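Please consider the sequence and the model shown below. The paragraphs that follow lead through its strands and some of its side-chain arrangements.

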Amino acid sequence: QLQASGGGLVQPGGSLRLSCAASGSIFRINRMGWYHQAPGKQRELVADIASGDRTNYAESVVGRFTISRDNAQNTVYLQMNRLKPEDAGVYYCNANLVPRGSWTVGDYWGQGTLVTVSS
């Protein structure tokens, strides 16, 4: 299970920090990431972080957003700075992981957290 939090209302230019914790019996997490879905649009990758802390960012957030991961807590963070109105929408966390028991790698999604950027 993935539990996301940290969304809210922020003015343009402001900052938010999103968190997503993976719970349950997990053998290994290969990659965790954040996706953004604006109203009426498809879900798109914002940033992800893989084993060895290899990161990948959408061009639109480079220099403004930072993804990080706490392996001990199975948690991924997204620090969002200099937010723009176009950053508004629902942010979903995603994890590619292997659960104990099934031992089958799969993609899991959190419930989404809403970010509103408005003055």
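With which side chain does the side chain of R31 make a polar contact? The partner is D48, whose side chain lies 3.3 Å from that of R31 in this contact. The model discussed here is a predicted one. R31 itself is located in strand β4. Its relative accessibility is 18%, so R31 counts as buried, the limit for this class being under 20%.

Strand β5, which spans residues 44-50, contains A47. With a relative accessible area of 0%, A47 is buried. Its C-alpha atom is separated by 8.3 Å from that of F65, although A47 and F65 stand 18 residues apart along the chain. Strand β5 also takes part in a pairing: together with strand β6, residues 54-57, it forms an antiparallel pair over four bridges. Within this pair, I49 has T55 of β6 as its bridge partner. The hairpin made by β5 and β6 has three residues between the strands, and there G52 adopts a positive phi near 80°.

The description now turns to an open sheet. Four strands build it, in the order β1-β3-β8-β7, and their pairing is antiparallel. At its edges lie β1 (2-5) and β7 (65-70), each of which pairs on one side only. On average, neighbouring strands of this sheet are turned by 15° against each other, with direction ignored. The pairing of β1 with strand β3, residues 16-22, is antiparallel and runs over four bridges.

How many disulfides does the model contain? The count comes to one. This disulfide joins C20 to C93, with a distance of 2.0 Å from S to S. The link of C20 and C93 is right-handed, with 45° about the S-S bond. It connects distant parts of the chain, since C20 belongs to strand β3 and C93 to strand β9, 73 residues apart. C20 and C93 are both buried.

Aromatic rings provide further contacts. A pair of such rings is described by the distance of the centres and the angle of the planes. The model has two aromatic pairs. One of them is formed by F27 and W103: the ring centres are 5.1 Å apart and the planes stand at 70°, so the pair is edge-to-face; an angle over 60 degrees is required for that description. Here, too, distant parts of the chain are linked, as F27 lies in strand β4 (residues 26-37) and W103 in the loop between β9 (89-99) and β10 (106-109), 76 residues apart.

Finally, charged side chains are found over aromatic rings. The charged end of R17 is placed over the ring of Y77, at 4.0 Å from the ring centre. In another such arrangement, R43 lies over the face of Y92, 3.6 Å from the centre of the ring.

Terms used: Residues numbered from 1 in each chain as written. Heavy atoms only, no water. Pairing = 2+ DSSP bridges. Helix = DSSP H or I, 4+ residues; strand = E, 2+ residues; numbered from the N terminus. Axes fitted to C-alpha atoms, helices over the stretch in contact; angles between N-to-C directions. Phe/Tyr/Trp six-rings, centres within 6.5 Å; stacked < 30°, edge-to-face > 60°. Lys NZ or Arg CZ within 6 Å of the ring centre and 35° of its normal. Disulfide = S-S within 2.5 Å. Buried < 20%, exposed > 50% of the residue type's maximum accessible area, 1.4 Å probe, protein only. Polar contact = N/O pair within 3.5 Å; in protein donor to acceptor, adjacent residues only side chain to side chain.
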